[in-house]
Amino acid sequence: MSQPMIFKAVKCPDEELSIRNRVIVSENELPNVKHVSISLADSRRNFVFTIQQHSSMKRPKEMGFNAAHRKWADIMLGAELKVQPYTFNPKTESISTITIEADFFSKKGQQSTTLDSDKMAEEFSQEFTYVAFTEEQQLAFRYDKKLYSAKVKNIQVLDLTKVDTKGNLSGIPKPSRLGFLAPNSVIIFEKAEGSLLSFIGKSKGKMSHTSIINPDWDFTKLGIGGLDDEFSGIFRRAFASRVFPPEVIEQLGMKHVRGILLYGPPGTGKTLMARQIGKMLNAREPQIVNGPQILDKYVGESEANIRKLFAAAEEEEKRCGPASGLHIIIFDEIDAICKARGSVAGNSAVHDTVVNQLLTKLDGVEQLNNILVIGMTNRKDMIDEALTRPGRLEVQMEIGLPDEHGRTQILNIHTETMRNNNKMASDVNIAELASVTKNFSGAEIEGLVRAAQSTAMNRLIKATSKVEVDTEAIEKLKITRADFLHALQHDIKPAFGSSKEELDVFLGQGILVWGDPVHRVLTDGELVVSQIKNSDQISLMTMLLEGPPGTGKTALAAKISKDSDLPFLKLCSPENMIGYTEAAKCQVIKKIFDDAYKSPLSCIIIDDIERLLDYVPVGPRFSNLVLQAMLVLLKKNPPKGHKLLIIGTTSRRDVLQDFEMLSLFKTVAHVSAISTSDQLIKVLNDCEVFSDQEIKDIQHRTTGKHLFIGIKTLITLIDMARQMEPGERADRLSHLLEDLGAIDFN
């Protein structure tokens, strides 16, 4: 420890300085020192004061004290003082609550007076933020042009050395003799004994805001689930710095984050997240603005609307400086006003000027440090790039579709009231519902719960000639598992749902593994799925099933994708685009891929690629626009943290080779036609249509012959033979195969 410096105690040189609760030294004294520890040369007691350099102190090694300080610390004028720099620990000495007894400075001629403690606390905070306070300390301060005396009754500081299980700071208030006043300290005024003062306020002298961060943040109680990691990320990037005093931030050369962008599919909780951020910070009530509300048909009005949003923050920043409170502005659908400049047609360029005005307020010449702008959008790609660079909306958090754990949290939130009131049947399994609601957003899960409730209530309604309600059964009403399953099947479908119902059409008759060629394709599919699920190096996997028409390529692709159990399954088929123009077809294909990118794990089946490209061998002719779109999308990696499996099918491998598309598929599996009698007999046995004698007859006719028939075609022929009388089916099937040219008799 360095040797203490010796100073001489003198009077405070200026009346205005005497009410600042600081000790005064000359301009060149104690540079870069904020606080000092002072003790008398003949005493072991020490006191901590905040210092201020001022030109009115002419002599070096002199320290000016006001009368209240001299009385409290028992300091005589001319006394020698031992002075050492003192540094507060922001993690253990930041005041969370300070209680102050107040009275008139001069009681002569005063009458009973009622003061607004909230306003007094606000001005007290602005005047004395980052100033040292000690229990029993006496001081004077000015409020509403009048002088008041004050005595510090007790102090509580916030211990920020504790860390919870998620690594977040968990502040614990504890009593302390000493601390420094922070911008978010709670200030409680009490009248001194015998005083004519009285206080009114929201909390009897307590400031309207408490702590900038509530350490006991509970997602379930606030109606938000599945976003724990996202919220922790936002806290780390945007709010952790606001826990510490500005002097620490200045030492780090750090600036507070002033903007957050929340983006993702509709219904995933972006608006809810923004509202909870406002509540968590215990700041002023956030200003929530819908993007389109800003726009105005009159020239200059839209920009004026932007300026009005920031007016209060600007005024307080000028008046209070670092002690200014935090102002939160939430822009819902921010893409409506912040489209990329030059992208909107028209001569007025109103969108461009609105973007420019917002950029100026966020990161202009006069930067505001007391604002937090939260933007929300479903279309991040439409927002001007200048708005998302560091210094503006620099924290960008994707609020995606919840995973199974998140869906469990959301279901628990929306069924809590039913469970507490014994209105949910015991057969409802939340874990099961979370498993079967893949690709459901938070809003859709809430809708599912409402639909299940409606289904249960509908059981009590008798719709005859008039609507009657079974009032006796109302008390016994419970939401059952069957109600949820009915809602899943008939009422609520995810906007980013899968094409499972379409794929089920191809799997209606099951998959017949008639030989090694089929088994090999399914094994290759399992390996590809395992790779996309488990590999940390691969985010995009492509597989092509190629083979003659009718060999079951689409059914095998459907089987591989459904068995993969990936959350997002989508079928891109030319059947769904009949009559579409080239541009419209490109838009549909792009939307399928865009939707897939929003899910952590996705699978897209591109069926019958040559038909999708409008390829015809006469000419040849094809859609170059669709081809170029496919070439781009097949090699485009999904966003970071997302994985995509693409399974394509084609009957014209040579065409894909000519289009330079074949090389984009990392795995190519050949789907063979049935080519031997043994393979044919295996299918006939599995179909259970023919008698043993009929199968022997067909085997005799086909043994030694070269066959070439797709499984899809063969199943159709078998179904036709099924219509014949027993005993005639073998002949019928043989003739059908011969007429089709599936048997080579040469």
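Predicted model: local features only at pLDDT ≥ 70, side-chain atom pairs only at ≥ 80, totals over all residues.
1. Which elements cover the buried residues of α9? The cover includes α3 (228–239), α10 (430–436), α11 (442–458) and α13 (481–490). The buried residues themselves are Gly406, Arg407, Gln409, Ile410, Leu411, Ile413, Thr415 and Met418.

2. Just after the helix, Asn422 adopts a positive phi of about 55°.

3. The chain as a whole deserves a brief description. It has 746 residues, of which 50% count as buried, and it contains 24 helices and 28 strands. Among contacts in the chain with a separation of 6 or more, 77% are made by residues 24 or more positions apart. The chain exposes about 37200 Å², and carbon and sulfur atoms supply 49% of that area.

4. Aromatic side chains form the next topic. The structure holds 19 aromatic pairs. One of them joins Phe49 and Phe65: the ring centres are 5.7 Å apart and the planes lie at 80°, so this pair is edge-to-face. Because Phe49 belongs to strand β4 (residues 46–53) and Phe65 to strand β5 (residues 62–65), the pair ties together parts that are 16 residues apart in sequence. Both Phe49 and Phe65 are buried.

5. A further pair consists of Phe124 and Phe141. Their ring centres are 5.3 Å apart and their planes are at 85°, so the pair is edge-to-face. Phe124 lies in helix α2 (residues 117–128) and Phe141 in strand β10 (residues 138–143), so parts that are 17 residues apart in sequence are tied together by this pair. With a relative accessibility of 1%, Phe124 counts as buried, and Phe141 is buried with a relative accessible area of 3%. Phe124 and Phe141 also belong to a cluster linked by ring pairs, whose members include Phe104, Phe128, Phe133, Tyr143, Tyr148, Phe189 and Phe199.

6. In which directions do the residues of β5 point? Glu62 and Gly64 point one way, whereas Met63 and Phe65 point the other way, and all are buried. Strand β5 pairs with strand β1 (residues 5–11) in the parallel sense, over four bridges. Within this pairing, Ala9 stands opposite Met63.

7. Is Asp678 buried or exposed? Its relative accessibility is 59%, and therefore Asp678 counts as exposed, the cut-off for that class being over 50%. Asp678 and Gln699 are 21 residues apart in sequence, and in space their C-alpha atoms are 7.9 Å apart.

Key. Residues numbered from 1 in each chain as written. Heavy atoms only, no water. Buried < 20%, exposed > 50% of the residue type's maximum accessible area, 1.4 Å probe, protein only. Helix = DSSP H or I, 4+ residues; strand = E, 2+ residues; numbered from the N terminus. Contact = heavy atoms within 4.5 Å. Areas by Shrake-Rupley, 256 points an atom, 1.4 Å probe, with all protein chains shown as cover. Phe/Tyr/Trp six-rings, centres within 6.5 Å; stacked < 30°, edge-to-face > 60°. Pairing = 2+ DSSP bridges.
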